[in-house]
Amino acid sequence: MFYITRVVHFKMNFVKRLSESRDLNTIPSIYTYTTNPNESPVSNSQDSIPTIDFSLLTSPDPSLRLQVIQELGDACKDWGFFQVINHGVPEDLMNMVVEKSNEFFNLTDEEKKDFEEKDVLDPIRYGTSFNSKKDKVFCWRDFLKVIVHPEFHSPNKPVGFSEIMLEYSKRTREVVRGLLNGISMSLGLDQSCIEKTMKLESGLQIFVVNLYPPCPQPELAIGLPPHSDHGLLTLLINNGVGGLQIKHNGKWVNVNDTFPGSFLVNTADHLEIFSNGKYKSVEHRAIVNNVATRISVVVANGPSLDTVVRPAYELVDEERCPASFVPMKYKEYLEMQQGNQIVGKTCLDRVRV
Ligand SMILES: O=C(O)CCC(=O)C(=O)O
Ligand SMILES: [Fe+2]
């Protein structure tokens with residue numbers, strides 16, 4: 001008796017390769033994304049996006065410290081988004097991170113093959129769309145996601161990527177720690193309250209590179225649909241090509257002009273949970289264009305995977321201010337978010353009371 005075994009390889013359709021194919025004038029229908037027709041037009045009023053001077057958090061002048069903590073709290077409450085300047089991370093390092101990330105995508109298919117994603121919690125995942133096994137409409141985006149803390153992982157190519165990622169991971173964790181200390185105080189809590197409760201020492205940090213190649217019909221496709229991030233704070237830098245939009249007072253706002261060398265920071269779901277809804281995780285999306293490849297490098301910073309996240313006890317009062325969220329282990333939340341399609345704030349809604 002003969003058994004014929006046929007091994008079917010699931011071939012990922014990376015958009016980088018697709019966009020490089022000659023004569024691509026229209027996008028395949030799987031990428032056709034319908035935006036809500038009732039949505040108001042995108043606003044360019046980005047001048048008012050808050051800017052936080054990180055160096056003031058450690059100023060010897062207590063009134064300056066107090067002022068920046070107040071500004072940080074207001075930014076989290078009113079925008080869930082701000083840019084951070086004077087953060088101490090060298091601009092050269094930030095540029096190198098973007099450059100090396102680009103080099104990764106320029107490796108041959110064969111070289112990248114080892115990193116293709118199999119499971120949503122694999123430490124290194126090279127993939128396309130958001131969750132290509134579940135997405136009904138595909139995102140015009142390829143990605144690399146690497147867990148860099150509490151255990152450091154990295155692809156072994158291109159040369160020097162690993163060292164750059166390690167340094168960047170350390171330096172950005174320091175910025176996140178400083179910001180979360182300030183945010184703790186802005187909530188009227190001890191400076192180290194978030195750091196301790198969320199066990200940041202073994203907190204999860206994921207390094208994500210998004211690559212959005214030029215798209216022949218940008219108005220029909222989406223880079224990343226509206227969503228909020230898991231974790232506490234997300235830091236973003238890009239290669240100078242715009243595409244990020246954030247939702248502010250029900251309207252999409254373009255985030256294009258930012259200070260060179262600054263971090264774009266957004267509040268994520270677990271900060272909304274911890275603050276009992278005082279600080280909202282911001283909805284954002286990435287649009288695409290037909291001219292230039294956009295690269296964004298995102299560092300997602302969360303609690304330790306075993307932390308059960310719930311609203312801070314100090315912020316809950318059974319009568320006047322009951323808990324708005326039920327407790328959930330961060331690992332479970334992450335699996336739920338990464339293992340499904342990404343739709344607005346639906347994940348957070350699942351733990352909302
Ligand atoms: O590329 C961007 O600007 C947004 C990326 C993003 O939202 C994400 O990776 O979660
Ligand atoms: Fe995001």
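Tutor: Gladly; keep in mind that this is a predicted model.

Student: Which residues surround ligand 1?

Tutor: The shell consists of V208, N210, L224, D229, L236, G243, L244, H284, A286, S296 and V298. Sorted by class, six residues around ligand 1 are nonpolar, four are polar and one is charged.

Student: Now the helices. At what angle do the axes of α2 and α5 cross?

Tutor: For a helix pair, look at both approach and angle. The axes of α2 (residues 62-78) and α5 (residues 161-186) come within 8 Å and cross at roughly 85°. Angles of 65 to 115 degrees count as roughly perpendicular, so α2 is roughly perpendicular to α5.

Student: Which residues make the contact?

Tutor: On α2 they are V68, I69, Q70, L72, G73 and C76, and α5 brings G182, I183, M185 and S186. This contact of α2 with α5 has six nonpolar residues, four polar ones and no charged ones.

Student: And how should I read the whole fold?

Tutor: Start with the inventory: the protein has nine helices and 14 strands. Next, compare its radius of gyration with a rule: a compact globule of 353 residues would have a value near 20 Å, and the protein's 20 Å therefore agrees.

Student: What share of the residues is buried?

Tutor: Buried residues are 41% of the 353. As for contacts with a separation of 6 or more, 78% join residues 24 or more positions apart.

Key:
Residues numbered from 1 in each chain as written. Chains lettered and ligands numbered in written order. Predicted model: local features only at pLDDT ≥ 70, side-chain atom pairs only at ≥ 80, totals over all residues. Axes fitted to C-alpha atoms, helices over the stretch in contact; angles between N-to-C directions. Helix = DSSP H or I, 4+ residues; strand = E, 2+ residues; numbered from the N terminus. Parallel < 35°, antiparallel > 145°, perpendicular 65-115°, else oblique. Contact = placed C-beta atoms within 7 Å. Nonpolar A, V, L, I, M, F, W, Y, C, P; charged D, E, K, R; others polar. Near = placed C-beta within 6 Å. Rg over C-alpha atoms; globule rule 2.2 N^0.38 Å. Buried ≥ 20, exposed ≤ 12 C-beta atoms within 10 Å, placed from the backbone.
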